Amino acid sequence: MKIRVAVPADAPAMGRVMVDSFLSAHRGQLPDAAWQQRADEWTPEVSARGWARALTAHAEGNAARDVVLVAEDDVGVLSALVSGTAADDDPSGSTAEIGALYVLPDRRGQGFGGSLLRAAAGALADRGFTSLHLVVLTANLPARAFYEAMGGREIGQQEVEEEGHLLPGTVYGWPDITVLSDRGCGHGVRRG
């Protein structure tokens, strides 16, 4: 596995990872109408356009504290992604938030998610963040088990809006981001 900083040319593959992963992970966790609306309207191409805008802004230096990483498998197929930035709810600027961590369905359980989460935590720590949190749908029991196995502690509840539906979310936190970072784990971030 190779973990590296995402570049604008990765946007199409990132759109595929995001949409395929989201739809497979959240079937049965969202109201049927909301899931179907996502499936009908949110294509890999739509997601790719969003990633292209974000990655272009990052490349132009407009998002200096943001981290967007991708993981490629042994043959170079982009298989997972993670993004993190400053948490909106922390005026001190010391808390980072993971906004997306998605792994292709056929790559789950192979270490991509854990490796990316550790790499992102390390990169965010390098940008001055000292703690980390994220929100996951409360109904997403596999993701909750994953974050708990990664040392995340449940620190609160928060509603998550999905296609006009407010759904219960669980907030996981790591008060010390360095506990999660991958220093010395062999999964460092490569540029390009």
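A: Let's begin with a term we'll need: a crossing is left-handed if the near helix is turned anticlockwise from the far one by less than a right angle, and right-handed if it is turned clockwise. Keep in mind that what you have here is a predicted model.

The part to look at is helix α1, which covers residues 11-26. Start with helix α2, residues 32-41. The two pack with their axes 11 Å apart, at an angle of about 160°. Angles over 145 degrees count as roughly antiparallel, so that is how α1 lies relative to α2. As for handedness, α1 passes α2 in a left-handed crossing. Which residues make the contact? On the α1 side they are Phe-22, Leu-23 and His-26, and on the α2 side Trp-35, Arg-38 and Ala-39. Sorted by class, that contact has four nonpolar residues, one polar and one charged.

Now turn to helix α3, residues 44-59. Here the axes of α1 and α3 come within 7 Å and cross at roughly 125°. That angle makes α1 oblique to α3. This time the crossing is right-handed. From α1, the residues taking part are Ala-11, Pro-12, Met-14, Gly-15, Arg-16, Met-18 and Val-19. They meet Pro-44, Ser-47, Ala-48, Trp-51, Ala-52 and Leu-55 of α3. By class, the contact of α1 with α3 divides into 10 nonpolar, two polar and one charged residues.

While you're at α3, have a look at His-58, which sits in that helix. If you skip its neighbours within four places in sequence, His-58 is in contact with Ala-63 and Asp-66. His-58 and Val-68 are 10 residues apart along the chain, and their C-alpha atoms are separated by 8.8 Å.

The structure holds five aromatic pairs, and one of them joins Phe-22 with Tyr-102. The ring centres are 6.4 Å apart and the planes stand at 50°, so this pair is tilted. Phe-22 belongs to α1 and Tyr-102 to strand β4, so the pair ties together parts that are 80 residues apart in sequence.

Strand β4 is part of an open sheet of seven strands, with the order β1-β2-β3-β4-β5-β7-β6 and mixed pairing. Which strands are at the edges? They are β1 (2-5) and β6 (153-162), each pairing on one side only. From one strand to the next, the twist averages 25°.

Zooming in on β4, residues 95-103, you'll find it paired with β5, residues 131-137, in the parallel sense over four bridges. As an example, Thr-95 has Ser-131 in β5 as its bridge partner.

One last stop is Gly-93, in the loop between β3 (78-86) and β4. Leaving out neighbours within four places in sequence, Gly-93 is in contact with Arg-65 and Phe-129. How far apart are the C-alpha atoms of Gly-93 and Asp-73? They are separated by 34 Å, with the two residues 20 apart along the chain.

How values were computed: Residues numbered from 1 in each chain as written. Predicted model: local features only at pLDDT ≥ 70, side-chain atom pairs only at ≥ 80, totals over all residues. Heavy atoms only, no water. Pairing = 2+ DSSP bridges. Axes fitted to C-alpha atoms, helices over the stretch in contact; angles between N-to-C directions. Parallel < 35°, antiparallel > 145°, perpendicular 65-115°, else oblique. Contact = heavy atoms within 4.5 Å. Nonpolar A, V, L, I, M, F, W, Y, C, P; charged D, E, K, R; others polar. Phe/Tyr/Trp six-rings, centres within 6.5 Å; stacked < 30°, edge-to-face > 60°.
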